Amino acid sequence: MQNSRTFYNEILTEHNLNPIHKHKIENPNFTMNGVNPSCGDSIVLELHVDDDGIITDGGYVGDGCAISQASADMMLELIIGKNKDEALHLADIFIRMIKGTATEEEIEELEEASSLKDISHMPSRVKCAVLGWHTMEEVFKKD
């Protein structure tokens, strides 16, 4: 348990101090605001999806706790290069992981984002962890 907590803290810290995708992108063709009203976390998610349906770029800007911001960064790292259906599949796994219903095999598909698995034991942080993922789902639902 201690090793997984250390891994979780290291990844969370790294994605907060050196986020890869926390910036506006050029020519997004999908933009969506995501807000967690219970704590005030907010993001603006921007995606560029090409004519073949592949997410070729993505970024976010916003304010919030370490968990919401790191989770959005990890999500983008995972979905860029994938198509919409693959991205939604990963969102489904992530949300089920947070609810405690995803299998270990499914969780492995989440790569670094799997480090947030223990959030399921912190009910007050669940909405923080899923903010970016729910926002991405909403982007594609309005499509």
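Let's start with Glu-46, which lies in strand 2 (helices, H or I with at least four residues, and strands, E with at least two, are DSSP runs numbered from the N terminus). This is a predicted model, where local features need pLDDT of at least 70 and side-chain atom pairs count only at pLDDT 80 or more, while totals for chains, interfaces and linings use all residues. Residues are numbered from 1 along each chain as its sequence is written, and side-chain values use heavy atoms, with hydrogens and water left out.

Is Glu-46 buried or exposed? Glu-46 has a relative accessible area of 7%, so it is buried (buried is under 20% relative accessible area, exposed over 50%, partly exposed in between, with a 1.4 Å probe and protein chains only). Its side chain gets to the backbone nitrogen of Ile-25 at 2.8 Å. Setting aside residues up to four places away in sequence, Glu-46 touches a handful of others, including Lys-24, Pro-28, Thr-31 and Asp-57 (contact means heavy atoms within 4.5 Å).

**The strands**

Strand 2 has pairings with strand 1 and strand 3 (two strands pair if DSSP finds at least two bridges between them). Here is how they line up:

| Strands | Sense | Bridges | Residues between the strands | Positive phi |
|---|---|---|---|---|
| Strand 1 and strand 2 | antiparallel | 7 bridges | 4 residues | Gly-40, near 90° |
| Strand 2 and strand 3 | antiparallel | 8 bridges | 5 residues | Gly-53, near 85° |

**The core**

How many residues does the largest nonpolar core have? It has 41, and Leu-47, Phe-94, Trp-133 and Met-136 have the most contacts inside it (a nonpolar core is a set of buried Ala, Val, Leu, Ile, Met, Phe, Trp, Tyr and Cys residues joined through side-chain atoms within 4.5 Å). Among the elements that give two or more residues to this core are strand 1 (30–36), strand 2 (41–49), strand 3 (55–63), helix 3 (84–99) and helix 5 (126–141). Leu-47, leaving out neighbours within four places in sequence, is in contact with residues that include Ile-25, Phe-30, Ile-55, Leu-76, Met-136 and Phe-140.

**Aromatic pairs**

Searching the whole structure turns up 2 aromatic pairs (rings of Phe, Tyr and Trp, the last by its six-membered ring, pair if their centres lie within 6.5 Å; planes under 30 degrees apart count as stacked, over 60 as edge-to-face and the rest as tilted). Phe-30 and Phe-140 have ring centres 5.5 Å apart and planes at 65°, so they are edge-to-face. This pair joins distant parts of the chain, with Phe-30 in strand 1 and Phe-140 in helix 5, 110 residues apart. Phe-30 is buried at 13% relative accessible area, and Phe-140 is buried at 3%.

Phe-94 and Trp-133 form a stacked pair, with 4.3 Å from centre to centre and 10° between the planes. Phe-94 is in helix 3 and Trp-133 in helix 5, 39 residues apart, so this pair too links distant parts of the chain. Both Phe-94 and Trp-133 are buried.

How values were computed: A polar contact is a pair of N or O atoms within 3.5 Å; within protein, one must be able to donate a hydrogen and the other to accept it, and residues adjacent in sequence count only if both atoms are side-chain atoms.
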